[in-house]
Amino acid sequence: MMHEDAFLQDILDNERDDLPRRIYADWLMDHGDSVTAARGEFIHLQCTLAQYEADARRPAELLRRERELLVQHGRAWGASFARLGCRCWEYRRGFVEGIGLPAEALLRHARQLFASAPIREIKLYESSGHLTALAGCAALKGVRILDLENNQLDDRDLAALAESSHLPALRTLYLWSNRIGDVGLRALVQGQLHLEQIDLSQNLLNNDGVVTLADSTFFDRLRRLVLTGNRVGDPGGLALAASPFGRHLVSLDLSKNALSAEIMSALREKYAGRVHLTS
């Protein structure tokens, strides 16, 4: 166990480096039973597959073997995550880096979860009322993606999260289908999070919050912003079109908002193919 703890700590300390993962994989293949040896093979396999570009064609034989190993051993490998309340988990480069679980389970087991794997992405369920506690959870310091879609969150929830000093690595926040309005968006703009991608589709946003966003340096850090299906009208759309910020946007989605043809034209002139507009 001491050997494994040392290997894991090296992996956690050097999260971007495949070498500690491959060293551990070799050790597993040399010192374990068939299930443990298969785990070592799986680590090597996923590290190799991760070297291919996202749009590149990966060898069919490697993909087949990856699926085969997961079918045969995935339940045994993930048993500890199930015991800690995870409903789902995803392996990347041989280790669990994404988990989905209720917020209460995360708060109860955060220290154990983050000590056992290089977790960088979390999807939470049933998190309404828990955002203040989550904002104060120091274990979340390495999380880059937080998915809070469809959690019945309101402005107070988002305001609590926005003030967190424990999410320095967070870059992507999914807030689709909640009850967030202008007050929550203003709190996000004025808060401490350094986001690059936000999905606020299907919420309760009006023009005031979007005007505040468009006038902020926070907007200038964003690469992707989704505001589909809110209550944004011409004043909000005009503010986005006239903003001196938004220079790093690669995608702005304002579909299913009440924008006039004139404002849509102004947005297309400003953002060209980077803006998505449908009625």
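Student: Where does asparagine 203 lie?
Tutor: Asparagine 203 is in the loop between β6 (197–199) and α10 (207–214). Helices (H or I, at least four residues) and strands (E, at least two) are DSSP runs, numbered from the N terminus. This is a predicted model, where local features need pLDDT of at least 70, side-chain atom pairs count only at pLDDT 80 or more, and totals for chains, interfaces and linings use all residues. Residues are numbered from 1 along each chain as its sequence is written, and side-chain values use heavy atoms, with hydrogens and water left out.

Student: Is asparagine 203 buried or exposed?
Tutor: Asparagine 203 counts as buried, at 4% relative accessibility. Buried means under 20% relative accessible area, exposed over 50%, partly exposed in between (1.4 Å probe, protein chains only).

Student: Which backbone atoms lie by a polar atom of its side chain?
Tutor: The backbone nitrogen of isoleucine 180 is 3.0 Å from a polar atom of the asparagine 203 side chain. For the backbone oxygen of leucine 200 the distance to such an atom is 3.1 Å. A polar contact is a pair of N or O atoms within 3.5 Å; within protein, one must be able to donate a hydrogen and the other to accept it, and residues adjacent in sequence count only if both atoms are side-chain atoms.

Student: And what is asparagine 203 in contact with, leaving aside neighbours within four places in sequence?
Tutor: Leu175, Trp176, Ser177, Asn178, Arg179, Ile180, Gly229 and Asn230. Contact means heavy atoms within 4.5 Å.

Student: New topic, α8. Which of its residues are buried?
Tutor: In α8 (residues 155–162), Asp157, Leu158, Ala160, Leu161 and Ala162 are buried. Their cover includes α7 (131–135), β4 (145–147), β5 (172–174) and α9 (182–190).

Student: What happens at the start of α8?
Tutor: There, a side-chain oxygen of aspartate 154 comes within 3.2 Å of the backbone nitrogen of arginine 156.

Student: At what angle do α8 and α9 pack?
Tutor: About 5°, with axes 8 Å apart. So α8 is roughly parallel to α9. Axes are lines fitted to C-alpha atoms, for helices over the stretch in contact, and angles run from 0 to 180 degrees between N-to-C directions. Under 35 degrees counts as roughly parallel, over 145 as roughly antiparallel, 65 to 115 as roughly perpendicular and the rest as oblique.

Student: Which residues make the contact?
Tutor: Asp155, Leu158, Ala159 and Ala162 from α8 meet Val183, Gly184, Leu185, Ala187 and Leu188 from α9.

Student: How many aromatic pairs are there?
Tutor: Eight. Rings of Phe, Tyr and Trp (its six-membered ring) pair if their centres lie within 6.5 Å; planes under 30 degrees apart count as stacked, over 60 as edge-to-face and the rest as tilted. Phenylalanine 42 and tryptophan 77 make a tilted pair, 5.1 Å centre to centre with 40° between the planes. Phenylalanine 42 is in α3 (residues 34–50) and tryptophan 77 in α4 (residues 60–77), so this pair ties together parts 35 residues apart in sequence. Both residues are buried.

Student: What does phenylalanine 42 form with tyrosine 91?
Tutor: An edge-to-face pair, 5.4 Å centre to centre, with 90° between the planes. Tyrosine 91 is in β1 (residues 88–92), so here the parts tied together are 49 residues apart in sequence.

Student: Which residues do ring pairs link into a cluster?
Tutor: Phe7, Tyr24, Trp27 and Phe95.

Student: Last one. Where is arginine 57 found?
Tutor: In the loop between α3 and α4. Arginine 57 is exposed, with a relative accessible area of 79%.
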